[in-house]
Amino acid sequence: MIRKTHFNQVETNSKTDSHRRNTMNTLPRRKVLACCISLAFASMALQQAHADSGYGVDTAVGNAFNTGYVGGVRDTDATAGHTPTGQMFNQPYATEEAVAGETHGYVEIGVLSKQADNEDAMFRAYKDPKSGLYLNSFGVDSESDNARFVTVNGGGVGNNDQFYNLTVGRYNDWKVKAFYSETPHVFTTTYRNLWSGTGTGNQTLKSLTPGGTTNAATTDTNIEAAALATPYSELSIVRKKGGVRGDLKVTNNISVFAGYSNEKRTGARPFGLVMGGGGGTGGVEIPESIDYNTHDFLAGMNYADEVNSANLTVAASLFRNNIDTMKVENPMFLAAANGIASFPHAIYDLYPNNDYLNVKGEYARELPELMKGRFTGVVSVSQSKQNDNLIPSTSYSGAAVNGVAGGSWDTVDSLSQPTANLKVDIKLADFGLSLKPLDDLDVKGKVRYYETKTNSDYWACNPLTGQWGRLINDGSGNAIMVGSATAANNQPTYADAAAANLAINAAACDASAVQALGIVAAAGNNNIHSAPYAYKQMNYTLGADYRIDSGNSVNANIERETMQRQHRERDKTREDKLKLGYVNRGMEDGTLRLSFETDKLRGSAYNPDPYDEFYSASLSALPFATGTNVSSWIHINALHRKFDLADRDQNILNLRFNYMITPDLDAGVAVQLKDIKFPDAAYGRGSQNQNSVNFDMAWQPSPEMTVSGYYAYQTGKMEQQGLQQNACVIGTTYNFWSDGSISTVAQTAAQLAAGVTLVNSTTVTAGNFLSGCGTASATSSLYPTSRSYTINQKDQNNTVGLGFKFDFDNKNALDANYTHTNGRTATSYTYNPYALGLYTSGAPTAAQLTNVGLIGNGFADQTFSLNTLDASLLVPLTKQSSVRLLGHLVFGDIHDWHYDGVEDLPNPNTNQQTYLDSGPQNFRAYVFGVMYQLKM
């Protein structure tokens, strides 16, 4: 089994917590009390901290109940102001000058009560509300006479979304910051867990027999009964991250910094178990155990003077998976295969340990003598690598593939290499120059180079037997290259497939030797070699901004992006972008911003299948014998286009208008129209668009009162076209009928009665199968256009938000915010049911009539509605203390037809396919709290 590669897993959910320093004079007794409480909890938290760089990440942390300042009562400075673009902004809260030698602190503690009729994963996403005593937040701020300072704050103590910060330093000299935070992520709360040991490397079935019982039908019944008897549980992870960073000013021009962070994620998430050959037998949702640890290191130096500035940074990220392999007991029954009698368990090779290293240099220089210019440059070199131990493709001993013994498929001796030995090298260079040739004209240019290269070179061949390919699904299936079952393909040199197999195996994993044999393989789509993907990217950008007068300006930007790719459908692509903009600041009470962008991507000739060299087709001669099924030699419809490489035309229109209706009331509107088309894609993604409009308004009649609101409307549409394969067998004549159906027999009585007539016939030969079967056409036996289908998806989303804030007696007293969001996704399908064999002309069955009813809008819309109300009422008791009442109400209504019926019928068929996750549910949740705030 080839390991999956995973170079850098980082899941960050940083929240913000911008507590401001407040230096109100208070009674000494209360000050000491608050500081003692805060320092005690801070000390407890910091003992658990691992530490972190904080370089652009986790520089401020918080949780769902602490997204801003909550440290007590404060005054506001004045009424709202306006930005140069006309948008209103709130004045900051008033703060008193810090007094050296004083220490200030605050604490907010109280009781929370949570009620929910359904513990839905959406309600609990990234937060951990619990009923009971709750230390919501605390903080200490101290400054000394010699410019030294200490700041400690935190919140959510004891919950899975707790956070803590500690900053110490000396102004304009040095600073050390440490933090610790936790963030939960609930994936599902409606999972029926049939296993014990979730979250570990060994999961055992609670009640079912590993490997099934008696036969598939009995096992199917047993699995469904066990699922229905299992109550719902959740699958979730908790992210714990801590770090420390230090900054030191060495001289007036030079500063250095260094940091370290550790992020640990533990828990489980939904995964998939499939056993058997080909498409597998059934499929069961299993829990994937997660126990990740990521170490991030950072060090650097900054230099700056009046003309020059430079940065040098070195960063490393070391990902460690504490569960190397995961063994799961298999509840499904499978017949004996590849010399293995039964399959009671499966082993997954989880994400490997891997290392990432980056060295980056940045430089900027002012060029006052050269049209007031400025030069910038960035050079970066990175490498990601992993050399994890590979695992064999089965854990069962005695496997004998196609009757060949001695393969030791359950040991790494059966692999072409014992370790992954994989790396990706990345290079980046970015240089820019900005000039001001005229007082009213700014010109900017940039050149950017980016390159990735990998050494991926794994060959799937067992050196002990010479067999090309691998066992799949723990040995319950195989994808091994063997001689064609149609003996004439290899005669007279090889009498039959067995003789051809002996010759292949005797070549001892020498690809050139196998190619020289001229043997025709049974299939052309067995994976034998990994693809070493790589690309080089160049970007050339030129832009200008011209000020027409004091209130109006125009701008233009042109960019060309070229890409050179290895082992992709196109060797080269180029994308040209033109963006034009207009800004009007001359209106007395408003501003207008307007831009239009048009992009066009084209490239070299499109090769729909550049991957032959990585399949068994590259080791085989082409089949030619009558009766040979050659569909596996054609890997894709030649008219299909992948959307990242297809010709693409894109147009984007943006408009933003801000208007100050009165000095205390402003409004704004934003519009975006985005349209994308893929003109050369007969199959694949054909077009998509996304249009949105947003209205917002803010009113602040006084420093004590603010009312705001907004409405956003967005629509999206995506159109795709595909084609369901038929068949391609050499020597077979395919008849194409007027109803779109295809057959290899003469007209049937039902067709005759329905008036269905013969339109055309095609015979597949050794000379025409690659072109005739490989390209969609009305007479292609493999890709007949009558078997085409379309998928159209339409999205519509509405969001309304209202906010109200009132400060009684100039105090932060009442804050309420309501948000309503609803979304609808409609999916429609079109296809010819006769061509797909879903409907028989002249003699349809009841089941066929039901299937035909799904054409068009037969599937229900997916809908989502969420109503959220957050309210906080602050009641001041004294200048230093207050009581805060808070409420958080969330109503969610979700309908996804993919999950319809799963709750009552988790096993809808008789193939052991079992759905253990019933999906998101409607929910009503309430969180109420009473908090006491004390500030010194």
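Is aspartate 647 buried or exposed? I looked it up, and aspartate 647 counts as buried, at 13% relative accessibility. Buried means under 20% relative accessible area, exposed means over 50%, and partly exposed is in between (1.4 Å probe, protein chains only).

**Ground rules**

I noted that this is a predicted model, where local features need pLDDT of at least 70, side-chain atom pairs count only at pLDDT 80 or more, and totals for chains, interfaces and linings use all residues. Residues are numbered from 1 along each chain as its sequence is written, and side-chain values use heavy atoms, with hydrogens and water left out.

**Entry: salt bridges**

I began with aspartate 647, whose side chain meets that of arginine 602 in a salt bridge, 3.8 Å from N to O. The term stands for a side-chain nitrogen of Lys or Arg within 4 Å of a carboxyl oxygen of Asp or Glu. This pair links distant parts of the chain: aspartate 647 is in the loop between strand S27 (640–641) and strand S28 (648–662), while arginine 602 is in strand S26 (residues 590–603), 45 residues apart. For the labels, helices (H or I, at least four residues) and strands (E, at least two) are DSSP runs, numbered from the N terminus.

How many salt bridges does a search of the whole structure find? My search gave 29.

I looked at aspartate 861 next, and its side chain forms a salt bridge with arginine 824 at 3.2 Å, N to O. Aspartate 861 lies in the loop between H7 and S37 and arginine 824 in strand S36, so the pair ties together parts that are 37 residues apart in sequence. Aspartate 861 is partly exposed at 26%, and arginine 824 is also partly exposed, at 45%. I also wrote down a network: salt bridges that share partners join Arg568, Glu569, Lys642 and Asp644.

Aspartate 128 is buried at 8% relative accessibility, whereas lysine 130 is partly exposed at 38%.

**Entry: aromatic rings**

I counted the aromatic pairs and found 20 in the structure. Rings of Phe, Tyr and Trp (its six-membered ring) pair if their centres lie within 6.5 Å; planes under 30 degrees apart count as stacked, over 60 as edge-to-face and the rest as tilted.

I picked phenylalanine 375 and phenylalanine 431, a stacked pair with 6.3 Å centre to centre and 15° between the planes. Phenylalanine 375 is in strand S17 (residues 373–386) and phenylalanine 431 in strand S18 (residues 422–438), so I noted a link between distant parts of the chain, 56 residues apart. Phenylalanine 375 is partly exposed at 28%, and phenylalanine 431 is partly exposed at 38%.

Why is the pair of tyrosine 829 and phenylalanine 859 edge-to-face? Their ring centres are 5.4 Å apart and their planes stand at 65°, so the pair gets that label. Tyrosine 829 sits in strand S36 (residues 814–831) and phenylalanine 859 in the loop between helix H7 (846–852) and strand S37 (862–876), 30 residues apart. Tyrosine 829 is partly exposed at 22%, as phenylalanine 859 is at 24%.

I then checked for charges over rings, which means NZ of Lys or CZ of Arg within 6 Å of the ring centre and within 35 degrees of the ring normal. Arginine 641 lies over the face of tyrosine 606, at 4.2 Å from the ring centre.

I followed the strands here, where two strands pair if DSSP finds at least two bridges between them. Strand S5 (residues 148–155) runs antiparallel to strand S6 (residues 163–170), joined by 8 bridges, and glycine 154 stands opposite tyrosine 164 in S6. S6 also pairs with strand S7 (residues 174–192), antiparallel over 8 bridges, with threonine 167 opposite lysine 177 in S7. The hairpin of S6 and S7 has 3 residues between the strands, and asparagine 172 takes a positive phi near 60° there. Tyr164 turned up again in my ring notes: ring pairs link Phe138, Tyr164 and Tyr180 into a cluster.

**Entry: helix H3**

I finished with helix H3 (residues 497–506), where the buried residues are Ala500, Asn501, Ala503, Ile504 and Asn505. After H3 comes alanine 508, with a positive phi near 55°.
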